[in-house]
Amino acid sequence: MGEGPGTVVIVGLGNPGPRYAANRHNVGAMVLDELGDRVGGKFKAHKGLADVLEGRLGTRRVVLMKPRSFMNVSGGPVAGVAKFFKVEPADIVVLYDELDLPFGTVRLKLGGGENGHNGLRSISKSLGTKEYHRVRVGIGRPPGRMDPADFVLKDFSVVERKELPFVFDRAADATEALINNGLEAAQNTFHALS
């Protein structure tokens, strides 16, 4: 994460439209809404690629971004917005759902594999690198023999929904810590919490 006054693009992954709004796969977009409340203002359409909200989080200028495309082709919009705002991949933060973390767990990292996540795969391909920051929000594994592809496109359970405000708050706090304090400091704080 670059130091100083540079802009950071924060991407909340999800699928567009009301049909998908409450799905597990949309948890990144849900956390972005929490960050949007903290920034203040309204998301506006940007060149048909995404909805964006410009503002500040702590000391950093941020562009919050929700691609208007489906998850699997979110790379083009992310690369387009990053280019428009002259932001390098290291100053992009992607919020997304992680099957391999227990529900509600928040983990931060730079680079690494996509672990079968098609949204990340699309972003890595469009940016030409995997070296961007990630905020991984745990959604847990599907029960029994349910296909993970079906699981991520289902809404959170009633029990999970009661916990979601706390999850969103923790993930938003972790994102703010990442962009303002750096990766290692944010990991030291938030990885110890869950």
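Is Lys 86 buried or exposed? The first close-up takes that up, after a word on the model.

This is a predicted model, in which local features need pLDDT of at least 70, side-chain atom pairs count only at pLDDT 80 or more, and totals for chains, interfaces and linings use all residues. Numbering starts from 1 along each chain as its sequence is written, and side-chain values use heavy atoms, with hydrogens and water left out.

**View 1. Lys 86 in its loop.** Lys 86 sits in the loop between α2 (75–84) and β5 (92–98); helices (H or I, at least four residues) and strands (E, at least two) are DSSP runs, numbered from the N terminus. With 74% relative accessibility, Lys 86 counts as exposed (over 50% relative accessible area, 1.4 Å probe, protein chains only). Its phi is positive, about 55°, although Lys 86 is not a glycine.

**View 2. Asn 115 in its loop.** Look for Asn 115 in the loop between β6 (106–110) and α3 (118–127). Here's another residue other than glycine with a positive phi, near 55°.

**View 3. Helix α1 meets helix α5.** The axes (lines fitted to C-alpha atoms over the stretch in contact, with angles from 0 to 180 degrees between N-to-C directions) of α1 (residues 27–39) and α5 (residues 158–181) come within 9 Å and cross at roughly 70°. The two helices are therefore roughly perpendicular to each other (65 to 115 degrees).

Conventions: Parallel < 35°, antiparallel > 145°, perpendicular 65-115°, else oblique. Buried < 20%, exposed > 50% of the residue type's maximum accessible area, 1.4 Å probe, protein only.
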